[in-house]
Amino acid sequence: KRSSSASISGQDGPGPKTLLHHFRLSVHEMFDLGQADTKYNLFQDGRTHALGLFLIRASWNLNCGQGDDLRGTSELLSLWFEPAVRGLRGTLFTACVEICEETKENEYNEFIEGSFTNKGDSQRTQRARIPPSELPCLALVGCQRHDDGSLTNNIRYLRKITSSRLMQQLNMSNDQQASLESSPTSIQKEVRKVVYEQEETLLFPTTESTDSQALRIFVAGDKSSVGKSSICLGLLGSFMNMGYPPESLAYIKPATQSEETQLIEVFCEKHAIKCVPIGPLVYYRGFTRAFLAGEVPESSGELLQKCGDAVDRAARGKQVVLIDGVGFPAVGSICGTSNAHVAKACGYPIVSTDNSLRRQRKAMGVLLVGGSGVGAAVDSYNLNATYFMHNHVPVLGAVFNKLSVEGFYSLENCREQVSRYFDQYQPQARPFGFVPLYPAIAKGPEAIDNVQDYIQIFQTQVDVSGIREEALRIRSRLATDLDSIVAVEAPEKASTPKTQKKARTEIEQSAILAGAAPSA
């Protein structure tokens, strides 16, 4: 059980479970963790970074902790925070900040002024605009200790988490809270999203040696629903069985059409694998038409840069990162963000002091996932591999998925014929495996219980070591092959827009009213 103990036992290195401690701090200490350091010694044992999730208790959420007994609240805060910070080095903690007592009116005023007062607005006017339901209840606070002993603080409020959403989960029964461990909640996802996107802003280390970059593998499908995510699941499980610690692996889907929770997300949560299931590029309802109309705030280049930055963050301190594609290879091409564009934008960054190289990357290898059959499987592979290679993205080979165990198109029959084709006509490429259809990992709460059996089957049918070796070979070759360096277009410079930019909610609502079907 977590408690409000003043002792510190933060995370000094990656591990399967991050030990958090819970504190009760004043609003002054939230804005200046140096004061908290004096009380709790946040930076003991040479630690240089601290990161905390703060619950702000005030009149609008007064019941989110009763008196001195905040154990239940601290456990729930830890449940939201811990999955997002596994593997991070430094002191990691949760805290309650109380600003709801009359004696703390000055602290409340300071909180409001520090959070909301804009230049030119009077305090009275600014406060009047903020109803209690819109005041932030959660904040992430990062702090860095410099060599000279000085500290730098930064705060990010989780404004999307309203007091009503917060209270709904804080008032859950014990059984409901226990279910959160196997099914990530919207609050847990939002906390993780902000941590992943704001690591640098929250003052956590962001640099890594270029010679220790994580191996990157882009997993693409020849069509939608071919099973890219289940192949990624099999690869992650296989890498773990090969000796990779879970904290050395990462999974990210930088572009997506679906925002539903997938099995691979639950698997990663269970095994403390860094997981970014929803990246910065979401093809929501109305996105394409709004993009063509100039209503989407970001350009193609800006969207691709966000994807690359997200993968870079996921790859920090990892040995292998899997990048999951969306749909078939050309999905997104109408916006200049096809899978090939995303794969290039998410390749190995070139670290150089030369300004001309800052926007360049070395392409990673793509593993294509195909379906059942012989002629259709090979034809589809050739079509989609050509698309990537035309865009200067190397293809590792293929894994063919969801094959029947019986019949004319049985796994064994398809393996024999497809392998014969590659041996005769494409010896430079190879099929790494043929995976049987495994309904037990279809949607449903029991799917997670069948994952280990699926991984065992996957490992017997797929040459995971061969995939790894080919990806390493491409990474090694790219280190000296200047032709493999791809220039990632810099975001277009902002200009006076002819069309007014719109927020996602406005675009999507317009599409829904016009009869648009869900994206996926």
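**Close-up views of a predicted model**

**View 1. Histidine 22 sits buried in strand 1.** Histidine 22 is buried, its relative accessible area being 1%, where buried means under 20%, exposed over 50% and partly exposed in between, with a 1.4 Å probe and protein chains only. The residue belongs to strand 1, residues 21-25; helices (H or I, at least four residues) and strands (E, at least two) are DSSP runs, numbered from the N terminus. Threonine 73 is 51 residues away along the chain, yet its C-alpha atom and that of histidine 22 are separated by 9.7 Å. This is a predicted model, in which local features need pLDDT of at least 70 and side-chain atom pairs count only at pLDDT 80 or more, while totals for chains, interfaces and linings use all residues. Residues are numbered from 1 along each chain as its sequence is written, and side-chain values use heavy atoms, with hydrogens and water left out.

**View 2. The whole protein, for orientation.** Here you can find 18 helices and 17 strands. Of the 520 residues, 51% count as buried. Among contacts with a separation of 6 or more, 77% come from residues 24 or more positions apart; contact means heavy atoms within 4.5 Å.

**View 3. Two nonpolar cores.** A nonpolar core is a set of buried Ala, Val, Leu, Ile, Met, Phe, Trp, Tyr and Cys residues joined through side-chain atoms within 4.5 Å. The largest one has 118 residues, and Leu138, Ile217 and Leu235 have the most contacts inside it. Beyond residues up to four places away in sequence, isoleucine 217 touches Phe239, Val321, Leu322, Ile323, Met364, Gly365, Leu367, Leu396, Ile467 and Ala471. A second, separate core of 20 residues includes Leu42, Phe54, Phe93 and Val97.

**View 4. Helix 9 packs against helix 10.** Helix 9 (residues 228-241) and helix 10 (residues 263-271) meet at an angle of about 20°, with their axes 9 Å apart. Axes are lines fitted to C-alpha atoms, for helices over the stretch in contact, and angles run from 0 to 180 degrees between N-to-C directions. The two helices are therefore roughly parallel: angles under 35 degrees count as roughly parallel, over 145 as roughly antiparallel, 65 to 115 as roughly perpendicular and the rest as oblique. Their crossing is left-handed, a label used if the near helix is turned anticlockwise from the far one by less than a right angle, with right-handed used if clockwise. Helix 9 contributes Ser229, Cys232, Leu233, Leu236, Gly237 and Met240 to the contact, and helix 10 contributes Leu263, Ile264, Phe267, Cys268 and His271. By class, the residues of this contact are eight nonpolar, three polar and no charged. Ala, Val, Leu, Ile, Met, Phe, Trp, Tyr, Cys and Pro count as nonpolar, Asp, Glu, Lys and Arg as charged, and the others, Gly among them, as polar.

View 5. Helix 16 (residues 451-461) packs with helix 9 at an angle of about 85°, their axes 9 Å apart. That makes the two roughly perpendicular. On the helix 9 side look for Ser230, Ile231, Leu233, Gly234, Leu235, Gly237, Ser238 and Asn241, and on the helix 16 side for Val451, Tyr454, Ile455, Gln456, Phe458 and Gln459. This contact has seven nonpolar, seven polar and no charged residues. Helix 10 and helix 16 pack at about 100°, with axes 12 Å apart, and they too are roughly perpendicular. Leu263, Phe267 and His271 of helix 10 meet Val451, Gln452 and Ile455 of helix 16.

View 6. Most residues other than glycine have a negative phi. Alanine 272, with phi near 60°, lies in the loop between helix 10 and strand 9 (274-276). At 8% relative accessibility, alanine 272 is buried. Lysine 402 also has a positive phi, near 60°, but its place is in strand 15, residues 395-403. Lysine 402 is partly exposed, at 38% relative accessibility.

**View 7. Alanine 343 in helix 13.** Alanine 343 is found in helix 13 (residues 339-345) and is buried, with a relative accessible area of 0%. Apart from neighbours within four places in sequence, alanine 343 is in contact with Phe218, Met364, Val366 and Val393. Its C-alpha atom and that of arginine 216, 127 residues apart along the chain, are separated by 9.9 Å.
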